[in-house]
Amino acid sequence: MMFYAIKVIISAALIVLISEIAKRSSVMGAILASIPLVSFIAIMWMYLETKDTKKIAALSTDVFWLVLPSLLFFVVFPILLKRSVNFYLAFGISAVVMIVGYFLLTLVLKLK
């Protein structure tokens, strides 16, 4: 249970840290946010808990492919904001486009 609490605290702290840095410098915030910290942390926790490198390799491969649909959000969202679409509407539309991208890619790759 203690290990779980440590995982939650570290993960939450990174999100807060990145958002605070982004308030001061969008470039530094973007650099930190673009680093696959969540993937790094998940892989590290998984290794520490299971030592199962085959599962970690599968996770890494799946993450690679599933980064592609997430990029749709970062293409559509700024385009909509620049066209003066309401923030929440732009966010929602971009999220839906991203989710559809995930769905389509998992169909194409036949991921489980």
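**Aromatic cluster and nonpolar core**

Let me start with the aromatic residues: F73, F74, F77, F87, Y88 and F91 come together as one aromatic cluster. Please keep in mind throughout that this is a predicted model.

With ring centres required to lie within 6.5 Å, the count of aromatic pairs comes to eight. One of them joins F64 and W65, whose ring centres are 5.0 Å apart and whose planes stand at 80 degrees, and because planes over 60 degrees apart count as edge-to-face, that is how this pair is classed. W65 has a relative accessibility of 36%, so this residue counts as partly exposed.

Since F77 belongs to helix 4, residues 53–82, and F87 to helix 5, residues 87–109, the pair ties together parts that are ten residues apart in sequence. As for burial, F77 is at 13% relative accessibility and therefore counts as buried, whereas F87, at 44%, counts as partly exposed.

That brings me to the nonpolar core. The largest one consists of five residues, namely F73, F77, L80, A90 and M98, and the elements that contribute two or more residues to this core are helix 4 and helix 5. Helix 4 gives the most, with three residues.

Technical notes:
Residues are numbered from 1 along each chain as its sequence is written. This is a predicted model: local features need pLDDT of at least 70, side-chain atom pairs count only at pLDDT 80 or more; totals for chains, interfaces and linings use all residues. Side-chain values use heavy atoms; hydrogens and water are left out. Rings of Phe, Tyr and Trp (its six-membered ring) pair if their centres lie within 6.5 Å; planes under 30 degrees apart count as stacked, over 60 as edge-to-face and the rest as tilted. Buried means under 20% relative accessible area, exposed over 50%, partly exposed in between (1.4 Å probe, protein chains only). Helices (H or I, at least four residues) and strands (E, at least two) are DSSP runs, numbered from the N terminus. A nonpolar core is a set of buried Ala, Val, Leu, Ile, Met, Phe, Trp, Tyr and Cys residues joined through side-chain atoms within 4.5 Å.
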